[in-house]
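Please take a look at the structure below.

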Amino acid sequence: MIITGWATTSPYGRGAGAFADGVRSGVPAPAVRGADDWFPEPEPAHLVPDFDIEDVLGRKGTGSMDRGTALAVHTVGLLRAEVGADGRTGVVLGTTSGSTLTQFGFTADSLTRRRPYFVNPAQMPFALMNSAAARSAGWHGLTGPNTTLAAGRLSGVAVLRYAGRLLRARRASGVFAGAVEEHSGARALLEREVGNTARLGEGAAVLFLRPASNGNRSAVAEVVATGTRLAADGEVRRALVECLRQTLVGVAPDEVWGLAVSGMDTMESDAVREVLGTRIDRVVAPGRLVGDTGAVGGVFGLTGLFALAERSDDAHGRVAVATAVDRDGMVGSVVVRLLGVRGVR
Amino acid sequence: MRRVAVTGLGVVSSIGVGAREFAAGLRAGRSGARPIGAFDTTGFAHATGCEVVGFEPERWLTRPETLPRAGQFAVAAATMAVRDAGLDGLGDARTMVSVGTTDGGGDRGERIAEAVVRGAGVPAGEAARVPAALLSVGVARELGLAGAEVSTVATACAAGNYAIGDGFDAVAAGDVDVALCGGADAMCRMTFTGFYRLGAVDPERCRPFDTHRQGILTGEGAGVLVLEPLDTALARGARIYAEVLGYGLNCDAGHPVAPDRSSVARCMRLALDDAGVEPGEVDLVSAHGTGTKANDVTECGAIRDVFGATPPRTVSVKSMLGHTMGAASALSAAACSIALAEGFVPPTINHVETDPECGVDCVPNEAVAADLRVVQNNALAFGGNNSVVLFGRAP
């Protein structure tokens, strides 16, 4: 399976160019202070700038649309214009819980209005977790397999593994695969409740995937391996080491060009060093740049590596690794071979 | 490619827990309908649903408080399914756990939202139980499957079939040796309220394909299937409920909530092609059959488009189970497997008069004995996410 293009809508702005420039600069994206009914204490967050849903997508079909769905529709659209989609092109997106804001708002309406059923039924499809993938398909006429995976921070690994199987089984000709996370006070409330103190962010990142056997080797990268493991005993680092041992089989330490991590600490890069026997100096940590973007962090890690690789002389043909760790004990890794093509964006 | 067998079933439902009780319920045409107790229904003119009563999570989980109710259902169903398959644990088998869901831990999110609205503190521990990923991760944790491929498929009300399809591909391709796949959901206020507002909740009973149907009843539960290679199942002398013959997925890419007849028909054709089955070979369709005006007419129209003027018997187990959302097509798949293994067609209960616009033989009210060879399981979801799985009689 090869990755022939990618697009992002991130706190650096709309489009892959803004994201690539931001990652290369190494300077965190701007954060703005905000608050809402669900999380009244104002705190800074990395929001996608200038992203008013109606301005970006128009008024039709957006009246009740959640921000996450809009981010996904827009991001798929950036790629859709460039890659060849057909009747069997699919969409596979990762999420944590869909639009928590829409779900909470719907519940609040039911509890506070004069009648418990005085809710806005048009909001209902946007309260469901499949909304971003389903609306992206609807917006762009993509009638192939359409799947949403609730994999939280492991979404990058999960969508690549799932989409890879779809392609191998010939159920799709190509797949828009990625993840989305919207920022809201409702999400902040849930994250703070479970003890997450990271600055939060939002965005969407989407890759376009094709079978490697298409004859077309012109690609950003080839997916070499994906793997996950559950730290059933709470030993997260050990689980990640075991996971990496499997996904890095046959990869020589000096082949590894770069690493993307999901967390803020050094645990993931330490695990990679333990497996490779050498430290990888080039580390992309999206959390430090665009905040904790939940489900999309892992995909931002990959696209960050792609952004760095396309300006590098020594990346071509080498390997990049992305690791992910979730609070539920799941760990994962993705290994890709960089093919040196700038790709469609 | 390897052929894939269904060798175990785990069921949590309003008409019975465990494959045997569930089968008895299907055969008897049992109804799971009762007054909703899962949330406060004050202010609704009617509130009937298909709840699971008397579920004891401690029977199945070492730490039930770590999972939302849907996750508890998933773990219980998966544990039952593994035992039902006669597998003495899964040991070193390469395993997949795939659980479909609509709402995940959304019922816990509702508790939190309610607390905030009422000015109360967020109940301790609830936020940690919200993420839907916990449904599959919980199964892996409880069954000691640290190396399993784990996924929670959140493709709304077609999610169970999506999970089964992915499990089928994984076993067929040799990626895994055993797949535990299905779906789980718990009753929640949001789904009930949304359908109620749309005028799509029946006051008393779910009556798919009936002229006087008034909509769904919301329900809850979980269904998990054990899939393994047919050769392995035969070699170990396992009881084989059914063979998974193939499946189809597509997306309407159209209206957010209304199903698209031609797209649903296309999904059925994709599944038939994948299974290598001619329409005339299908003996039974277990329909999505929600009991809403729009779904049943559109789905039956699509069935006639594919099967012609006299389609196979077309039943809806939602008449008994209500609409269990992400669990719905998994429970329906379990019903298909049981129907093939035991040779009967589960009835569409609460049926008085077939809507001529539906025009199907829905096997009203009483199960009938039938020599079934191929059974089709339909699932449609908001967002136009269709999935159809074909099951065949065990060879």
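Which element gives the largest share of the lining of the second largest pocket? That element is α4(B), with 5 residues. Note that the model is predicted.

**The second largest pocket**

The volume of the second largest pocket is about 760 Å³. Its lining takes in 36 residues, and R327(A), D328(A), A128(B), P131(B) and L134(B) are the closest to the pocket centre. Two elements give two or more residues each to this lining: α8 (185-193) of chain A and α4 (134-142) of chain B. Sorted by class, the lining of the second largest pocket holds 13 charged, 12 polar and 11 nonpolar residues.

**A loop residue: V194(A)**

V194(A) sits in the loop that runs between α8 and β8 (200-201) of chain A. Is V194(A) buried, exposed or partly exposed? Its relative accessibility is 21%, so V194(A) counts as partly exposed; the buried class ends under 20%. Beyond residues up to four places away in sequence, V194(A) touches R327(A), A127(B) and A128(B). R327(A) is 133 residues from V194(A) in sequence. In space, the two C-alpha atoms are 9.2 Å apart. Two of these partners return from the pocket described above: R327(A) and A128(B) are among the residues closest to the centre of the second largest pocket.

**The largest pocket**

The largest pocket has a volume of about 970 Å³. It is lined by 37 residues. Nearest its centre lie R161(A), R165(A) and T226(A) from chain A, with E149(B) and D175(B) from chain B. Three elements of chain A supply at least two lining residues each: α7 (155-168), β10 (221-230) and α9 (236-247). Which of the elements gives the most to the lining of the largest pocket? It is β10(A), with 7 residues. By class, this lining divides into 14 nonpolar, 13 polar and 10 charged residues.

**Cavities**

How many cavities of 30 Å³ or more does the structure hold? There are 8. The largest cavity has a volume of about 200 Å³. Its lining is made up of 20 residues, and S97(A), Q103(A), D103(B), G105(B) and G106(B) lie nearest the centre. Both α4 (100-112) of chain A and α3 (106-117) of chain B supply at least two residues of this lining. The most comes from α4(A), with 4 residues. The lining of the largest cavity has 9 nonpolar, 9 polar and 2 charged residues.

| Space | Volume | Lining residues |
|---|---|---|
| Largest pocket | about 970 Å³ | 37 residues |
| Second largest pocket | about 760 Å³ | 36 residues |
| Largest cavity | about 200 Å³ | 20 residues |

**Nonpolar cores**

The largest nonpolar core has 166 residues. Those with the most contacts inside it are F306(A), F22(B), L180(B), L227(B) and F391(B). Helix α2 (residues 69-84) of chain B gives the most to this core, with 10 residues. Apart from this core lies another, of 28 residues, including V83(A), F176(A), V180(A) and A204(A).

What does L180(B) touch, leaving aside its neighbours within four places in sequence? Its contacts include V82(B), L90(B), T95(B), M96(B), V97(B) and S98(B). Also among them are V139(B), L143(B), L145(B), V224(B), L225(B) and V226(B).

**A helix residue: G68(A)**

G68(A) has its place in helix α3 (residues 67-80) of chain A. At 6% relative accessibility, G68(A) counts as buried. Not counting residues up to four places away in sequence, G68(A) touches A132(A), V180(A) and E182(A). V180(A) is one of the residues of the 28-residue core. L190(A) lies 122 residues from G68(A) in sequence and 16 Å from it in space, C-alpha to C-alpha.

**Domains**

Chain A is divided into domain 1 (2-214) and domain 2 (223-338). Their C-alpha centres are separated by 22 Å. In chain A, 45 residues of domain 1 are in contact with 33 residues of domain 2.

Chain B also has a domain 1 (4-235) and a domain 2 (246-393). Here the C-alpha centres lie 20 Å apart. The contact takes 62 residues from domain 1 of chain B and 66 residues from domain 2 of chain B.

Notes. Residues numbered from 1 in each chain as written. Chains lettered and ligands numbered in written order. Predicted model: local features only at pLDDT ≥ 70, side-chain atom pairs only at ≥ 80, totals over all residues. Heavy atoms only, no water. Core = buried A, V, L, I, M, F, W, Y, C linked by side-chain atoms within 4.5 Å. Buried < 20%, exposed > 50% of the residue type's maximum accessible area, 1.4 Å probe, protein only. Contact = heavy atoms within 4.5 Å. 1 Å grid on protein atoms, 1.4 Å probe; cavity = no way out; pocket = protein on both sides within 12 Å on 5 of 7 lines; lining within 4 Å. Points joined across faces, edges and corners; volume = space filled by probe spheres on them. Nonpolar A, V, L, I, M, F, W, Y, C, P; charged D, E, K, R; others polar. Domains from an automatic or database assignment.
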